[in-house]
Amino acid sequence: MDPAVALVLCLSCLFLLSLWRQSSGRGRLPSGPTPLPIIGNILQLDVKDMSKSLTNFSKVYGPVFTVYFGLKPIVVLHGYEAVKEALIDHGEKFSGRGSFPVAEKVNKGLGILFSNGKRWKEIRRFSLMTLRNFGMGKRSIEDRVQEEALCLVEELRKTNASPCDPTFILGCAPCNVICSVIFHNRFDYKDQRFLNLMEKFNENLRILSSPWIQVCNNFPALIDYLPGSHNKVVKNFAYVKSYVLERIKEHQESLDMDNPRDFIDCFLIKMEQLSKVYGPVFTLYFGLERMVVLHGYEAVKEALIDLGEEFSGRGHFPLADRANRGFGIVFSNGKRWKEIRRFSLMTLRNFGMGKRSIEDRVQEEARCLVEELRKTKGSPCDPTFILGCAPCNVICSIIFHKRFDYKDQQFLKVMEKLNENVKILSSPWIQICNNFPPFIDYFPGAHNKLLKNIAFLKSYILEKVKEHQESMDMNNPRDFIDCFLMKMEKEKHNQQSEFTIENLENTAVDLFGAGTETTSTTLRYALLLLLKHPEVTALKSLWPCVHSVFWPGTHGGAAWI
């Protein structure tokens with residue numbers, strides 16, 4: 001066959017393949033500019049000002065659109081709202097990494113940046129936890145940063161104010177802080193090994209930003225059969241990995257299992273721990289029900305923090321199933337739990353949870369709590385109920401956009417039901433009911449009172465929901481209920497939506513139950529510790545404040561204990 005004919009046939013086949021791939025994929029992807037065969041939208045993009053090109057596309061196709069780099073479709077999220085919705089509101093669904101053939105050639109799907117699924121979750125969780133233990137995001141890393149800052153300043157002074165490019169020196173400083181966490185060792189800026197590492201990193205950054213790497217990622221066959229800068233990337237990564245492996249071998253020889261020095265030590269210890277078959281994890285039987293017990297801090301931490309995703313499900317609690325029917329947050333599971341929990345966390349954060357913006361509500365409630373305690377005039381009292389009212393009122397301000405007076409009859413009833421339920425749930429009878437579910441239907445007992453109390457709380461919340469429905473402004477949500485109702489409205493055509501009135505009722509009850517009891521118990525224990533240990537130096541500054549509230553004008557305090 002004539003070579004020219006063969007070339008034309010090959011190009012024609014490639015052309016048809018390109019058309020088929022683009023047409024088959026476009027039906028499942030957001031709309032975007034029409035791609036050309038083989039080269040996609042490359043000619044429609046200004047490589048020198050990519051952001052301007054993408055902004056122009058977003059004006060035509062909206063904040064979510066598809067462009068083609070060669071045969072590869074890329075979904076673009078343009079603007080803060082689109083990125084926030086995908087990566088925060090739906091972070092779990094969008095947590096995966098795309099396919100980068102050059103990266104896969106280098107890392108083989110290992111590590112954090114380009115791994116996926118269970119591997120990515122486990123390694124990322126372990127790495128974040130370990131880095132935090134070594135000070136990341138805390139003041140404890142400040143000494144390392146300040147030490148490195150001093151070295152950086154000294155290095156810059158050596159230029160004697162002559163013109164220089166500080167890029168390399170400014171890269172050395174953060175690299176050295178990372179080295180101190182990973183290797184427990186910082187390097188001199190003239191150390192040849194350190195300079196080699198920096199050179200490899202900087203060279204890889206330049207190459208990975210080049211158009212050739214984009215070409216390789218879109219046409220993976222080029223990686224194996226053509227020369228080019230991608231081969232240099234692979235060699236540089238191989239050099240860095242060989243250096244890290246040397247350091248790992250050094251660490252293995254000097255490892256102290258009880259005293260990890262750095263990230264490598266922690267990783268090696270984790271590898272050693274996973275090799276053990278038995279540990280502080282055992283099974284007990286409560287009646288016919290099996291209970292797996294995690295005994296000790298390390299076992300609990302490993303299960304609920306290191307492997308939090310795998311242990312995120314709830315066990316089977318027949319009494320809770322009867323009360324909540326699997327709705328809400330505390331006793332739901334699977335997709336429902338993830339969606340309701342994600343929405344609730346996001347909404348609570350929007351209303352200030354974990355931020356300074358909620359401080360005004362807390363301070364207002366603290367003032368009311370102090371006034372209520374002052375009314376005791378230093379006489380002996382049990383502050384349990386009053387300390388429960390304060391956190392409950394903060395929760396009310398977020399859920400109902402309203403706080404209640406401590407003498408409000410309906411508020412007192414809500415508090416009474418919550419406190420009564422906590423007592424009942426802690427009783428042996430509830431354990432019996434959960435282990436022998438037929439008792440729930442055919443025997444009298446405290447479990448019936450529990451179910452009645454939950455029904456009362458749900459009916460109260462339903463009243464509030466109806467009030468909100470009558471006065472709701474879709475553009476101005478006032479509280480948690482408004483946000484939930486707006487979400488219900490958005491998803492009213494989705495038959496599988498988890499945003500229903502039943503879920504709203506149970507989620508609100510869960511927020512009250514979880515937030516009120518835990519916070520009030522913490523406050524009670526904090527006060528008890530202050531009263532029992534006024535001599536502790538760290539507490540001395542707080543003691544006069546507590547004393548002035550509980551015993552104004554007195555020198556006493558033992559009566560309250």
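Strand β2 (72-77) and helix α3 (80-89) each supply at least two residues of a nonpolar patch in this predicted model. The patch lies on the surface and consists of Val64, Val75, Leu77, Val83, Leu87, Ile88 and Phe94, which together have about 560 Å² of accessible area. Helix α3 gives the most, with three residues. Val83 is placed in helix α3, and its relative accessible area of 32% makes it partly exposed.

A surface patch of another kind carries positive charge: Arg97, Arg124, Arg132 and Lys138 gather there. Of these, Arg124 is found in helix α5 (residues 117-133). Arg124 counts as partly exposed because its relative accessibility is 40%, between the limits of 20% for buried and 50% for exposed.

Charged side chains also pair up, and the structure holds 25 salt bridges. One of them joins Asp306 and Lys270, at 3.4 Å from N to O. This pair links distant parts of the chain, with Asp306 in helix α13 (residues 297-306) and Lys270 in helix α12 (residues 263-274), 36 residues apart. Asp306, at 10% relative accessibility, counts as buried, and Lys270 is buried with a relative accessible area of 16%.

Asp441 and Arg322 also meet through their side chains in a salt bridge, with an N to O distance of 2.5 Å. Because Asp441 lies in helix α20 (residues 438-442) and Arg322 in helix α14 (residues 318-324), the pair ties together parts that are 119 residues apart in sequence. Asp441 counts as partly exposed at 45% relative accessibility; Arg322 is partly exposed, at 40%.

The salt bridge between Lys464 and Glu467 is 4.0 Å from N to O. Both residues lie in helix α21 (residues 446-471), three residues apart, or about one turn of the helix. Lys464 counts as buried at 10% relative accessibility, whereas Glu467 counts as partly exposed at 42%. Elsewhere, salt bridges link Lys335, Arg336, Glu339 and Glu498 in a network.

Phe57 and Phe65 are both buried. Phe187 and Phe194 form a stacked pair, with 5.4 Å from centre to centre and 10° between the planes. Phe187 counts as buried at 6% relative accessibility, and Phe194 is buried with a relative accessible area of 0%. One aromatic cluster is formed by Phe343, Phe480, Phe484 and Phe499.

Note on methods:
Residues are numbered from 1 along each chain as its sequence is written. This is a predicted model: local features need pLDDT of at least 70, side-chain atom pairs count only at pLDDT 80 or more; totals for chains, interfaces and linings use all residues. Side-chain values use heavy atoms; hydrogens and water are left out. Patches are made of residues with over 30% relative accessible area and no salt bridge: like charges are joined within 9 Å, nonpolar side chains (Val, Leu, Ile, Met, Phe, Trp, Tyr) within 5 Å. Accessible areas come from the Shrake-Rupley method with a 1.4 Å probe; for residues, only the protein chains shown count as cover. Lys and Arg count as positive and Asp and Glu as negative; His and the chain ends are not counted. The place of a charge is taken as NZ of Lys, CZ of Arg, CG of Asp or CD of Glu. Helices (H or I, at least four residues) and strands (E, at least two) are DSSP runs, numbered from the N terminus. Buried means under 20% relative accessible area, exposed over 50%, partly exposed in between (1.4 Å probe, protein chains only). Rings of Phe, Tyr and Trp (its six-membered ring) pair if their centres lie within 6.5 Å; planes under 30 degrees apart count as stacked, over 60 as edge-to-face and the rest as tilted.
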